[in-house]
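Here is a short note to read beside the model. Keep the structure open as you go through the points.

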Amino acid sequence: MMRSARLWLALVACGTAGSLVAPAALSGPAGTAFSVQRVLLLSVDGLHAVDLTGFIKGAPDSTLAELSRAGVTYAAATSALPSDSFPGLVAILTGGSPAATGVWYDVSYDRGLSAPGSNCSTTGVEVAFDESIDKNPDAIDGGGGIDPARLTRDPRRGCAAVFPHDYLRVNTIFEVVRSPERRTAWADKHLSYDIVRGPSGQGVDDLYTPEIAADKGRATGTVQDAEANDDLKVRAVLNEIQGKDHAGVTAVPVPVLFGMNFQAVSVAQKLPGGGYRDAGATPGAMLLEALRHTDRSIGQFVGELRARNLLASTLIVITAKHGQSPIDPTRRQVVDKGMIPKIVNTVQHDLLAHATQDSVSLLWLRDRAKTASVAAALRATQRFAGIDAVIAGDGLVRMFDTHAADSRTPDIIVQPTVGVIYASLTATKIAEHGGFSDDDTHVALLVSIPGLEPRVSPAPVRTAQVAPTILDALKLDPRALRAVQMEKTPVLPGLGTVAASSR
């Protein structure tokens, strides 16, 4: 099993992820308390811990360097497992793993749901929460919304369409924060990020989702186009800091909780000619440009907050939904995405119900009784199929503290060797995410506010700890999050003195 997966298990075993600590108050030198009135949360997809460290070292005058000089940098932060964008962001917003949230990937499988447009007479279906559910995936606004006709159906709710926010089993920090006095906002890459609204569907006052797949995926074709798509969201956040809605039209209060996803770094890590120069994570020219552009964008936020006298009361959290694998360009290897399904179906014809594959392979079987036989078949072809580990049965249940009978839990997870990507043999991408390797999961995490004593924390933490930490900083109860209760997710350590008594 890869190092990050072992680290995750160690966190659970030692209690760091297994016991909810008393809320901690932010404090500076000599115990100075901060008055956090709002939180700006930023996810830079693909940003590794080593990327953040290296960029700050090479650019000491950058915004990220400035923020680190008034912040805690977590050097051993681990993203959600699997390290896909959907479970990655959901963990940050809920404090939970897929066992609590029910979200395993943006495209997964649910044995209890029915096909789009059906009468729910049969169950078991691929659940897609990507651009394919837009009314028009080729339009920047997705054609005006999510198309209910493209959504899976829930027989337990009268065969109703399942919107992304319906799919989430636990509440989000947006739902806890939002009130008549506290406005919330978020910007992300697909309309399917409706999921951030939470099960109530009401968590985010102002959700802005310029479709990154628009114009035939132009924004993922070059770094410059990815930056232009990011710029749309940057403009939205700037408008919000200025006391307007994301479009800059209507005057509204500055959100108490808001932020966005940056995509350019992830695109630069994947494109041919991009990525890293060596195993030491030296960024190539394309990736360095994306890092600089993202830094300048964050600098605009800092500048606008400062100009409006809001910076001193704004906690800024910078992290990533996921990393990217491989960092070492010599380790990149594409394995035919048809290979794993073929092995599964040698055990029994048409046994595979669904496979989700990137730098991981999640497998759902039509007959769960065949799980052990399939796992054995995969292990027998381990070297041929680029497999590092096969996680199934009790091992999978223990790893995620889930139930094997859960309608969404994969039957088998295949972790390939570092550098292996399951894709078409003609694929040109040089990196991918989703897996459990260190390259996939060892992400950046920086928490900053002016006056905070700067330090680097070596403590192993998870990005799921961001959720209770944000609520605690806003003087709200982290236990208001159901996933925090279920998984006893603690606040991040090292941000101040532990409160005398828990709420």
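1. Trp-364 is buried, with 0% relative accessible area. Buried means under 20% relative accessible area, exposed over 50% and partly exposed in between, with a 1.4 Å probe and protein chains only. This is a predicted model: local features need pLDDT of at least 70, side-chain atom pairs need pLDDT 80 or more, and totals for chains, interfaces and linings use all residues. Residues are numbered from 1 along each chain as its sequence is written, and side-chain values use heavy atoms, without hydrogens and water.

2. Eight aromatic pairs are counted. Rings of Phe, Tyr and Trp (its six-membered ring) pair if their centres lie within 6.5 Å; planes under 30 degrees apart are stacked, over 60 edge-to-face, and the rest tilted. Tyr-109 and Trp-364 make a tilted pair, 6.3 Å centre to centre with 40° between the planes.

3. Which strands does this pair link? Tyr-109 sits in strand S5 (residues 107-110) and Trp-364 in strand S15 (residues 361-365), 255 residues apart. Strands are DSSP runs (E, at least two residues), numbered from the N terminus. Tyr-109 is also buried, at 8% relative accessibility.

4. Ring pairs also join Phe-86, Phe-129, Tyr-167 and Tyr-193 into a cluster. Arg-408 lies over the face of Tyr-167, 3.5 Å from the ring centre. For a charge to sit over a ring, NZ of Lys or CZ of Arg must be within 6 Å of the ring centre and within 35 degrees of the ring normal.

Note on methods: Helices (H or I, at least four residues) and strands (E, at least two) are DSSP runs, numbered from the N terminus.
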